[in-house]
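Dear colleague,

Please find below the structure that I am handing over to you.

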Amino acid sequence: MSTFNLRRRALGCAALAALSVGAPTLAFAQAPTEVGEVIVTAQKRLENINDAPLSVTAISGQKLDVIRSSGGDIRVLSSRVPSLTLESSFGRTFPRPYIRGLGNTDFDLNASQPVSFVYDEVVLESPILKGFPLFDIDQVEVLRGPQGTLFGRNTPAGVLKFDSVKPSQTFGGYGQVSYGRYNSVNAEGAVGGPIVAGVLSGRVSGLYQRRSDWIDNTFTGKTNATGGYEQYALRGQLLYTPTEQFSALLNVHYQHLDGTPQIFRANIIQKGGNDLVAGFSRDKIAQDAQPRAFQHVKGGGANLKLTYDLGGPVITSITAYEHVTTLSHGDVDGGYGAVFAPPSGPGLIKFPSESADGLPYHAQWSEELRVAGDMGPLNYTVGGFYFFEDAKIDSIDYNTLAGGVVDGYAYQHQKTTSWALFANADYKLTDRWKVGGGVRYSNDEKDFVAQRLLSPIGGGATGVLTAKPTSDDVSFNVNAAYELNDEVNLYARVAKGYRAPSIQGRLLFGDVPTIARKETLMSYEAGVKGYAADRRLRFDADVFYYRVADLQLTVVGGVTNFNRLINAKHAEGYGVEFNAEARPVENVALTAGFSYNHTKIQSPGLSTAPCGGGCTVLDPASAVPGEVVIDGNSLPDAPRWIGNVTARYAIPFGDGEFFVFTDWAYRSKINFFLYESAEFSDDKLLEGGLRLGYAAAGDRWEAAVYGRNITNDISLEGGIDFNNLTGFVNDPRIWGVEVKAKF
């Protein structure tokens, strides 16, 4: 049988195996007390997760369905995987991911992030593109640590990899719909199968999500004034296989969102600590600019994957185009009026803040061409990559006291060009020893133009400002794996990651853009993976240490209310990560994961301006007037501890089973900014889910009641520090019902 046919057969096996990954919703797919194999593509080839010499966690599409049954966006993955958190000050789009404490708190639409999103093998660079909804997903893989060799620049922290279900020659599909509190609707489905037997197959999938407005505005007196959204997305795929050697997979997709921007709530944090103020209510705000608030996102793209088997080496080409537009308009101060224009509140409103950020034009093109194969004990992948992005950004400020007239406007136009050459290989020295490594050369160039035409603070217009940073770098990884026995593998990995220079060009409150030079990271990792207890338990654990040179940091807000980029001389992180899946007895399925991360900025004398809203600053004063020293602080949004567990118990009944499923995610204290204060932090977040229902044999259909955030945990997820003690919180408790069927 040809290599290509073997790979096609392996893909089918992978799809079945993936259903077992951390997915206690299944009961009939395999022996009741044995965990299944997990197949991943973290090295751009199919392999058992226990054989992959790096820290990776896989989440099946079915588990993803459970945790997003109430309509959650990509942020539902936060703390559901060791060392991973996600948050957003934008709303249902623009997720900000953090792996092992490394991320970016910048809210600019040109923001560069050290965690890459790869959706159906296409890198998504824009933070708005990264908010593309998840539906009809086969598997999610979280790759921790530098992934520059195979996935390129801007991956020093890791990669989130999403793979949708692909067309096949077997007819089938599914449909599911849930309805819950606040008229929350989450509906999705797919149908696919042969179009021309043995030659052409297709798959069409779609998603629809909505929630009614549920937050009252006590300032305007309107009930159910905001908080809702309506979102839909579509994907169509065609797989053409005219011969055993050649295949062509076309993927076309689209998304549309009309919703609410992130809800900022003025002075909800008690001064001197991070507790919420007495009487806080998640379903009430008091805002004067809220009636003008909205968020629109519209975008889509297409990619074509061509694969040709030369009878050994396999050539793969992935050509992709993505585009997206957005406009998000919100009440940033979170209240009404101002101290100089009463009435005002809640609490102290030093001045009103109402703004919008828009992406009127964005497009990206990418091409990857690679050759992969094996020569006896040697497996190899070599290739090249090209990327071009063109983005235009508008920043708009409004005079709230004058009814929302525009009083500030600036624009940015950034073009990014990147290309790379890479090679990766592993070699089996003996039956038990395997060594591997890879190298990648990357070259990056940005062409940036910006101008402020109208200043909201009387600063006047600027001239046309330009910047053209360039950089190149060599990333690499070296690894070794040892098969301790048939069930347990050990591995060690050293890797270097690279992040291209970044530009922060929001000129509404500043006169010049800031540029952060390139960032590099060295990572050292060792781990163990294996099975135990007659394969009723699968586990993996690792320890790691990294040191970053020229870490790119974003100074957000502060008393100057101006975003700027800085480089810290160094930062370090170290920790431990653990995953396990177990089926201890028949009809019981368990998963667990935890991580410990210690991060520290190491840059003597590095300082930033602290809050302008009356917070209690804990850092020492800097030699620079009005600034405080941040050397020695942990990285923002970097919890020390993350933990998650799931449990499922089933009672066979008739042609199926009754079941109960629960899942819990925990993260410890986080600081929101580079400086430390008593107020702008959150001690912990603990969210749980519960699902009770009946599932027919073979997952033909299921009916269940569900609850998300069942304890109604209220936790701060971020803050606004330039005006007052403003914050935003996690989603409320949602309960509902869901039905699904497969055919």
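The accessible surface of the protein comes to about 26300 Å², and carbon and sulfur atoms hold 61% of that area. Please note that this is a predicted model.

As to the overall fold, the secondary structure consists of 3 helices and 45 strands. The protein is as compact as a globular protein of its length, because its radius of gyration of 25 Å is close to the 27 Å that the globule rule gives for 743 residues. The C-alpha trace spans about 80 × 60 × 45 Å along its principal axes. Of the 743 residues, 62% are buried. Among contacts with a separation of 6 or more, 68% are between residues 24 or more positions apart.

One surface feature deserves a separate description. A nonpolar patch is formed by Tyr-179, Tyr-649, Ile-651, Phe-653, Phe-658, Val-660, Leu-690, Leu-692, Val-705 and Val-737, which together have about 890 Å² of accessible area. At least two residues of this nonpolar patch come from each of three strands: S37 (641–652), S38 (656–667) and S41 (685–696).

With kind regards

Note on methods:
Residues are numbered from 1 along each chain as its sequence is written. This is a predicted model: local features need pLDDT of at least 70, side-chain atom pairs count only at pLDDT 80 or more; totals for chains, interfaces and linings use all residues. Side-chain values use heavy atoms; hydrogens and water are left out. Patches are made of residues with over 30% relative accessible area and no salt bridge: like charges are joined within 9 Å, nonpolar side chains (Val, Leu, Ile, Met, Phe, Trp, Tyr) within 5 Å. Accessible areas come from the Shrake-Rupley method with a 1.4 Å probe; for residues, only the protein chains shown count as cover. A salt bridge is a side-chain nitrogen of Lys or Arg within 4 Å of a carboxyl oxygen of Asp or Glu. Helices (H or I, at least four residues) and strands (E, at least two) are DSSP runs, numbered from the N terminus. The radius of gyration is taken over C-alpha atoms; the globule rule is 2.2 Å times the number of residues to the power 0.38. Buried means under 20% relative accessible area, exposed over 50%, partly exposed in between (1.4 Å probe, protein chains only). Contact means heavy atoms within 4.5 Å.
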